[in-house]
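Let's take a walk through this protein together, from its overall layout to a few backbone details. Here is the structure to keep beside you as you read.

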Amino acid sequence: MVVARDGSSSPLEESNGTTIPLSNLSYDSFVNVDRGDPVGFRKFWEKLSEEAKVEIKGDEVMSYFGDKNLCWYMLPQMRNAILRLHKVVGNANTEDKYIVLGTGSSHLYLSLLYALSSQKPSHIPFNVVAAAPHYSEYEGPVNILQSKLFQWSGDASVYDKDEPYIELVTSPNNPDGTIRTPVVKSDGEGNVVYDLAYYWPQYTPINHELNQDIMLFTFSKCTGHAGSRIGWAIVKDIEIAKKMVLFLHLSSIGVSKESQVRAAKIIEVICDGHENSKSTPSDRLFFEYSKEMMKERWEKLKAVVEQSKVFTLPKYPSAYCHFTKEISEQYPAFAWLKSVEGIEDAESYLEKLKILTRGGKRFGVDAAYVRISMIGTDDEFIELCTRLENAKIE
């Protein structure tokens with residue numbers, strides 16, 4: 001068992017009344033809060049492991065094909081599950097739109113770059129932009145492909161070229177949790193892609209049923225099942241949807257049927273619970289459970305950061321949530337820390353405390369910022385708070 005940094009063996013109690021228990025991680029081990037692995041929701045699924053269990057027999061889901069719709073490799077139950085989920089949560093309008101399934105939203109991101117940049121012939125590449133701080137994994141895939149169709153062009157807030165562009169709007173934003181809208185001011189022809197990976201009730205109030213032309217969602221951040229590698233796009237324009245399916249066909253010949261069967265079952269369990277919420281215990285309602293988990297973690301982290309005075313956190317407004325039918329705060333999947341004066345490189349500073357994070361430069365800003373995951377294991381989060389508790393200005 002790890003002891004507190006003051007040498008005691010009792011849990012740490014914060015000024016706001018929250019208590020941080022001791023973790024089971026070794027004092028000498030690194031705490032990895034760099035990755036966004038959503039295993040923090042595992043305890044919920046342990047309780048519903050039987051209800052969410054699937055059985056696939058040896059002669060089932062053998063074909064490449066799943067449906068006769070535009071997205072031909074998607075199973076009917078997967079499509080129906082997605083439509084049902086958005087109806088239950090109320091976060092996206094799916095009427096008169098096309099559902100395109102991918103191996104995670106990262107796969108769909110690449111398919112969209114192809115689909116949008118190949119719509120009309122252009123003698124110059126489409127510029128891919130996102131307002132800083134932006135998701136750290138937007139730039140890498142663009143640079144690796146070295147495509148003649150598109151190129152990474154950095155911060156959308158300063159983009160002013162009279163050239164075709166694709167603006168990526170992540171809302172709530174990764175890494176800082178802010179609610180985003182398009183910011184490009186350009187006379188060039190542009191397309192906007194809304195990355196809504198975190199527009200779920202455990203992270204933010206659902207105050208609008210979004211009705212954008214292109215919306216990306218991911219199964220991993222919704223339910224915690226990152227290993228299934230399922231994502232979907234809700235697309236208005238059939239020609240864009242067709243090109244996306246073509247890209248997904250050529251790059252992977254569809255999406256695993258086994259993953260689809262599991263994802264459809266998981267979504268079914270979530271929707272069954274919330275559609276029968278009056279007769280379902282609150283600890284068996286996924287969004288209620290996961291929101292409470294995020295709330296508790298944020299309360300603990302805020303208390304630790306306030307006491308240490310080494311970092312600051314953004315402040316988020318409260319808003320009415322149409323899903324929970326109450327005023328709610330935001331509890332982002334990541335915390336966006338800014339170091340105080342005297343600490344120029346927050347990532348390096350935290351590494352000395354054996355905390356692995358992702359530094360601001362990966363997100364298009366300076367090194368005073370750092371992103372930490374709020375959705376990892378209990379032990380990781382507890383040990384993170386314990387080490388931050390004892391952080392001091394050098």
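Helices (H or I, at least four residues) and strands (E, at least two) are DSSP runs, numbered from the N terminus.

## Before you start

This is a predicted model, in which local features need pLDDT of at least 70 and side-chain atom pairs count only at pLDDT 80 or more, while totals for chains, interfaces and linings use all residues. Residues are numbered from 1 along each chain as its sequence is written, and side-chain values use heavy atoms, with hydrogens and water left out.

## Overall layout

An unreviewed UniProt entry carries the annotation "domain: Alliinase C-terminal" for residues 31–390. UniProt positions are given in the numbering used here, feature names are shortened, and such annotations may be inferred rather than shown by experiment.

## Where the two domains meet

With contact meaning heavy atoms within 4.5 Å, 32 residues of domain 1 touch 36 residues of domain 2. About 2,700 Å² is buried between domain 1 and domain 2, and carbon and sulfur atoms give 65% of that area. Trp-45, Phe-287 and Phe-323 lose the most area on the domain 1 side, together 28% of what that side buries. (Buried area is the accessible area, with a 1.4 Å probe, that two parts lose on being put together, summed over both.)

Polar links are there too: 13 residue pairs, both at pLDDT 80 or more, are in polar contact between domain 1 and domain 2. A polar contact is a pair of N or O atoms within 3.5 Å; within protein, one must be able to donate a hydrogen and the other to accept it, and residues adjacent in sequence count only if both atoms are side-chain atoms. On the domain 1 side, helix H8 (286–308), strand S12 (319–321) and strand S14 (334–339) each supply at least two of the touching residues. H8 gives the largest share, five residues.

## Salt bridges

A salt bridge here is a side-chain nitrogen of Lys or Arg within 4 Å of a carboxyl oxygen of Asp or Glu. By this rule the count comes to 17. Arg-35 and Glu-380 form one, their closest N and O atoms being 3.2 Å apart. That pair links distant parts of the chain, 345 residues apart: Arg-35 is in the loop between strand S3 (31–32) and helix H1 (42–47), and Glu-380 is in helix H10 (residues 378–389).

Between domain 1 and domain 2 the count is two salt bridges. Glu-137 also pairs with Arg-358 in a salt bridge, with 3.4 Å between the closest N and O atoms.

## Backbone details in the loops

Which residues does the peptide bond with omega about -10° join? They are Ser-171 and Pro-172, and the bond is cis. Pro-172 is in the loop between strand S7 (165–170) and strand S8 (190–195). The peptide bond from Ala-132 to Pro-133 is cis as well, with omega near 0°, and Pro-133 is in the loop between strand S5 (126–130) and helix H4 (139–145).

Arg-229 is not a glycine, yet has a positive phi of about 55°. Look for Arg-229 in the loop between helix H5 (219–223) and strand S10 (231–235).
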